[in-house]
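This report goes through one protein model, from its overall dimensions to an aromatic pair and a pocket. Please keep the sequence and the coordinates at hand while reading.

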Amino acid sequence: MLPKRGEVWQVDFGIAQKVRPALVISIPYGDADRALIGVIPHTTATRGSPFEAVVPLQGLKEGAFLVQGVQSLPPNSFCGAWRF
């Protein structure tokens with residue numbers, strides 16, 4: 001199952017950034033497209049920046065999605081949909 005726009009998934013961002021929740025912002029890709037999925041990572045280390053989108057979700061630690069942290073990752077980076 002591929003992530004869908006608007007869903008929150010656990011995503012493996014690699015060694016430095018670890019596995020963390022991320023908001024999917026991509027639309028489904030086609031055969032002619034690169035197999036990448038755009039996400040915005042979540043952090044609990046907020047700074048009060050206007051580029052932090054606070055979206056309270058049940059079961060998600062208090063924090064924000066980092067709008068300036070947009071990344072594109074391959075489907076194998078996704079560990080599972082967030083369970084509310």
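## Overall dimensions

The radius of gyration used here is taken over C-alpha atoms, and the globule rule against which it is compared is 2.2 Å times the number of residues to the power 0.38. The model under discussion is a predicted one. For its 84 residues a compact globule would have a radius of gyration near 12 Å, and since the protein has 13 Å, the value agrees with that expectation. Along the principal axes, the C-alpha trace spans about 40 × 25 × 25 Å.

Of the 84 residues, 35% count as buried. Where contacts between residues at least 6 apart in sequence are considered, 43% of them join residues that are at least 24 apart.

## Secondary structure

The protein has zero helices and seven strands, so that, in keeping with the definition of elements as DSSP runs numbered from the N terminus, the order reads β-β-β-β-β-β-β.

## The aromatic pair

A pair of aromatic rings is described by the distance of the centres and the angle of the planes. The structure holds one such pair. The ring centres of Trp9 and Phe78 lie 6.0 Å apart with the planes at 80°, and because planes over 60 degrees apart count as edge-to-face, the pair belongs to that class. Distant parts of the chain are linked by this pair, given that Trp9 sits in strand E1 (residues 8-12) and Phe78 in strand E7 (residues 78-81), 69 residues apart.

Are the two partners buried or exposed? With the cut-off for burial set at under 20% relative accessible area, Trp9 is buried at 6%, and Phe78 is likewise buried, with a value of 11%.

## The largest pocket

Strand E2 gives the most to the lining, with three residues.

Technical notes. Residues numbered from 1 in each chain as written. Predicted model: local features only at pLDDT ≥ 70, side-chain atom pairs only at ≥ 80, totals over all residues. Heavy atoms only, no water. Helix = DSSP H or I, 4+ residues; strand = E, 2+ residues; numbered from the N terminus. Phe/Tyr/Trp six-rings, centres within 6.5 Å; stacked < 30°, edge-to-face > 60°. Buried < 20%, exposed > 50% of the residue type's maximum accessible area, 1.4 Å probe, protein only. Contact = heavy atoms within 4.5 Å.
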